[in-house]
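Take a slow look at the chain from one end to the other. Then follow the text below, one element at a time.

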Amino acid sequence: MKILLENDLVGIIAIVLCLLVAVLGMLLVASNLKRKEDGFGPNSTRAFAISLFVPIVIVAAVVSDLGSEAIATLLGTLAGYIFSKTGEDK
């Protein structure tokens, strides 16, 4: 796999922005849990995973030479994870 990030300003900006989005997403989920005084359950785990996985997929699409099929597979996996139901959601 060839990395396309050799002094590429766009790639560096994308990585920094995605890291900021991931940290901001995790902080928002944590503050929401604290505000609601809720426990850490399947929905909060799902929210944390989404806030980490989406920026990782974006960075992988920008920085590496993954094909569009691989990116679509990762996004499809994310969609399946978001819309799946756990046993406790019934």
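From the N terminus on, the elements run α-α-α. The model is a predicted one. Its secondary structure comes to three helices and zero strands. The chain has 90 residues, and buried residues make up 19% of them. Now consider contacts between residues with a separation of 6 or more. Residues 24 or more positions apart account for 67% of these contacts.

Start with the pairing of the first two helices. In general, two packed helices are described by the angle between their axes and the distance between the axes. How do H1 and H2 pack? Their angle is about 175°, and their axes are 9 Å apart. That angle makes H1 roughly antiparallel to H2, because an angle over 145 degrees counts as roughly antiparallel. From H1 come Gly-11, Ala-14, Ile-15, Cys-18, Val-21, Ala-22, Gly-25, Met-26, Val-29, Ala-30 and Leu-33. From H2 come Ser-44, Ala-47, Phe-48, Ser-51, Leu-52, Pro-55, Ile-58, Val-59, Val-62 and Val-63.

Look at H1 itself. This helix covers residues 9-36, and Leu-27 is found in it. Is Leu-27 buried or exposed? Its relative accessibility is 53%, so Leu-27 counts as exposed. The cut-off for exposed is over 50%. Leu-27 and Ser-51 are 24 residues apart along the chain, and their C-alpha atoms are separated by 9.6 Å. Leu-17 also lies in helix H1. With a relative accessible area of 49%, Leu-17 is partly exposed. Pro-55 is 38 residues away from Leu-17 along the chain. The C-alpha atoms of Leu-17 and Pro-55 are separated by 8.6 Å.

Move across to Ser-51, which is found in helix H2. Its relative accessibility is 12%, so Ser-51 counts as buried. Which residues does Ser-51 touch, not counting residues up to four places away in sequence? They are Ala-22, Gly-25 and Met-26.

Follow the chain past the end of H2. Ser-64 is found in the loop between H2 and helix H3, which covers 68-83. Is this loop residue, Ser-64, buried or exposed? At 8% relative accessibility, Ser-64 counts as buried. Gly-11 is 53 residues from Ser-64 along the chain. Still, the C-alpha atoms of Ser-64 and Gly-11 are separated by 9.6 Å.

Next comes the pairing of H2 with H3. Their axes come within 11 Å and cross at roughly 170°. H2 and H3 are therefore roughly antiparallel to each other. H2 supplies Thr-45, Arg-46, Ala-49, Ile-50, Phe-53, Val-54, Val-57, Ala-60 and Ala-61 to this contact. H3 supplies Ile-71, Leu-74, Leu-75, Leu-78, Tyr-81 and Ile-82.

Pick out Ile-71, which is found in helix H3. With a relative accessible area of 15%, Ile-71 is buried. The cut-off for buried is under 20%. Leave aside the neighbours of Ile-71 within four places in sequence. Ile-71 is then in contact with Val-57, Ala-60, Ala-61 and Leu-66. Among these, Val-57, Ala-60 and Ala-61 are residues that H2 supplies to its contact with H3. Ile-71 and Ile-58 are 13 residues apart along the chain, and their C-alpha atoms are separated by 8.7 Å.

Finish with Arg-46. This residue is found in helix H2, which covers residues 42-63. Its relative accessibility is 10%, so Arg-46 counts as buried. What does Arg-46 lie over? It lies over the face of Tyr-81, at 5.8 Å from the ring centre. A polar atom of the Arg-46 side chain also lies 3.4 Å from the backbone oxygen of Tyr-81. Both Arg-46 and Tyr-81 take part in the contact of H2 and H3.

One more search concerns rings. How many aromatic pairs does a search of the whole structure find? It finds zero.

Notes. Residues are numbered from 1 along each chain as its sequence is written. This is a predicted model: local features need pLDDT of at least 70, side-chain atom pairs count only at pLDDT 80 or more; totals for chains, interfaces and linings use all residues. Side-chain values use heavy atoms; hydrogens and water are left out. Rings of Phe, Tyr and Trp (its six-membered ring) pair if their centres lie within 6.5 Å; planes under 30 degrees apart count as stacked, over 60 as edge-to-face and the rest as tilted. A charge sits over a ring if NZ of Lys or CZ of Arg is within 6 Å of the ring centre and within 35 degrees of the ring normal. Helices (H or I, at least four residues) and strands (E, at least two) are DSSP runs, numbered from the N terminus. Buried means under 20% relative accessible area, exposed over 50%, partly exposed in between (1.4 Å probe, protein chains only). A polar contact is a pair of N or O atoms within 3.5 Å; within protein, one must be able to donate a hydrogen and the other to accept it, and residues adjacent in sequence count only if both atoms are side-chain atoms. Axes are lines fitted to C-alpha atoms, for helices over the stretch in contact, and angles run from 0 to 180 degrees between N-to-C directions. Angles under 35 degrees count as roughly parallel, over 145 as roughly antiparallel, 65 to 115 as roughly perpendicular and the rest as oblique. Contact means heavy atoms within 4.5 Å.
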